[in-house]
Amino acid sequence: MGQGSSLPDIPGGGTNGYHVLRIQDNSPGQKAGLESYFDYIISIDDVRLREDNEQLRDLLKKYENQSAVMTVYSSKYQECRNLTLHPNSHWGGQGLLGVSIRFSSFEESNKHVWHVTGVSPSSPAERADLQPLSDYIIGSDVMISEPDDFWDMIEGADGKPLKLFVYNIDVDRCREVEITPNSKWGGDGLLGCELGYGYLHRIPRQRVPLTSVRAETPPPSPSRTGPPTADNIEDGFSEVALGVPSQPTTPQRQAPVPLDPVTVQQQQQPLPPPVEATPEVVSSTGAPPPTSSYQPVSLPPPTRISPAAVQVVRSTPLSAPQAEITLPSFPVQFASNAAPSLVPPGTTPTFQFQPVGSNPKPDAV
């Protein structure tokens, strides 16, 4: 019931099988390891069960009181596994297998899932003990092939008990729930719960339990003795013992060795002075370094200058240049009624101002 819709390689091909709905206690099917509502029986002893006929009953009678290998497809793990079956009629119940089955397709079995996301108080869902967020409605006694079939089933069972197959992800178990849809319970809906449907509300895909996987014991590694060397290290790692010795060993003290007076006297003599070696400069090319041809140059002593020999020259301040501005000729309106005349260039015009009167009012714009 995972997130993907691709199927693994089915032995013998096809997408049909016998859907396991109920399993009786202490039955051969329960002892074989069948899981209700998630398992589909697809073959017995490599005989593919492709149609809903008497072939399954004939195979169970053939292997009654014997061992047979049954191949099962799990829609929860989306994998096939082999189970050892011992069909018999003296286990204390009905049938040779003790299970209720229905022939159907498992191609889209992981899509028709309704996730219980919320339960209203005093609702039919609460009385049926539906658990929000952890319960998934995965089917019922009625065949569901389309999403609308589920809602039609709920509406058609108004006021009547209905059996649902509910899977709880917290305890990893499928159970039967009897619920009575009621449109007059006092709240919204017939069940009084919120249901999620679609890709984001499918049962998360789970891994195959470790108990059903055959673990192969790896061959023991060769024992290594001595310190790690290039010969006994694999992949750059060496083995280190992690166990603690049961009885810790106490190191034994060795007796002191007497020293020879002559040896002690020789060791106490002062060492000779170190030999100073002149570092030899070698170029990167290996050739000896070139000798320098520069000689030291002696500079003459500085000359002192007497203040009396220094003549101070005073400069006259610079005056601003006289700029000559030539005004262009332009018409000038005089106060008299004479016609305007042009002022010749280089002549300073004379203006006379006479009162004209009060200023006029501005125009209304």
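These are my notebook entries on a predicted protein model.

**Ground rules**

I number residues from 1 along each chain as its sequence is written.

**Confidence**

I looked up pLDDT, the predictor's confidence in each residue, from 0 to 100. The mean for the protein is 75. I found that 55% of its residues reach 70 or more. Over residues 233-238 the pLDDT stays under 50. That stretch has 4 contacts beyond four places in sequence; a contact means heavy atoms within 4.5 Å.

**Overall make-up**

I noted 5 helices and 13 strands. Both are DSSP runs, numbered from the N terminus: helices (H or I) have at least four residues, strands (E) at least two. The protein has 365 residues, and 27% of them are buried. Buried means under 20% relative accessible area, exposed over 50%, and partly exposed in between, with a 1.4 Å probe and protein chains only. I then checked contacts between residues at least 6 apart in sequence: 65% of these join residues at least 24 apart.

**Salt bridges**

How many salt bridges does a search of the whole structure find? It finds 8. The cut-off is a side-chain nitrogen of Lys or Arg within 4 Å of a carboxyl oxygen of Asp or Glu. Side chains of opposite charge can pair when their charged atoms come close.

I started with glutamate 176 and arginine 22, whose closest N and O atoms are 2.4 Å apart. Glutamate 176 sits in strand E10 (residues 173-179) and arginine 22 in strand E1 (residues 16-23), so the pair links parts of the chain 154 residues apart. Glutamate 176 is partly exposed at 38% relative accessible area. Arginine 22 is partly exposed too, at 27%. I also found Arg22, Asp141 and Glu176 linked in a network of salt bridges.

Next I took arginine 81 and aspartate 39, with 2.7 Å between the closest N and O atoms. Is aspartate 39 buried or exposed? Aspartate 39 is buried, with a relative accessible area of 0%.

My last pair was lysine 76 with aspartate 172, at 2.8 Å from N to O. Lysine 76 lies in the loop between strand E4 (68-74) and E5, and aspartate 172 in the loop between strand E9 (162-168) and E10, so the parts they tie together are 96 residues apart in sequence. Lysine 76 counts as buried at 1% relative accessibility. Aspartate 172 counts as partly exposed at 34%.

**A sheet and a helix**

I traced an open sheet of 5 strands in the order E10-E9-E8-E7-E11, with antiparallel pairing. Two strands pair if DSSP finds at least two bridges between them. Which are the edge strands? They are E10 and strand E11 (193-197), each pairing on one side only. Direction ignored, neighbouring strands are turned by 40 degrees against each other on average.

Strand E8 (residues 135-140) and E9 run antiparallel and are joined by 5 bridges. Serine 140 has leucine 164 in E9 as its bridge partner.

Helix H4 (residues 147-156) lies across strand E7 (114-119), E8, E9 and E11. H4 runs at about 130 degrees to E9. For such angles, axes are lines fitted to C-alpha atoms, for helices over the stretch in contact, and values run from 0 to 180 degrees between N-to-C directions.

Definitions and conventions. This is a predicted model: local features need pLDDT of at least 70, side-chain atom pairs count only at pLDDT 80 or more; totals for chains, interfaces and linings use all residues. Side-chain values use heavy atoms; hydrogens and water are left out.
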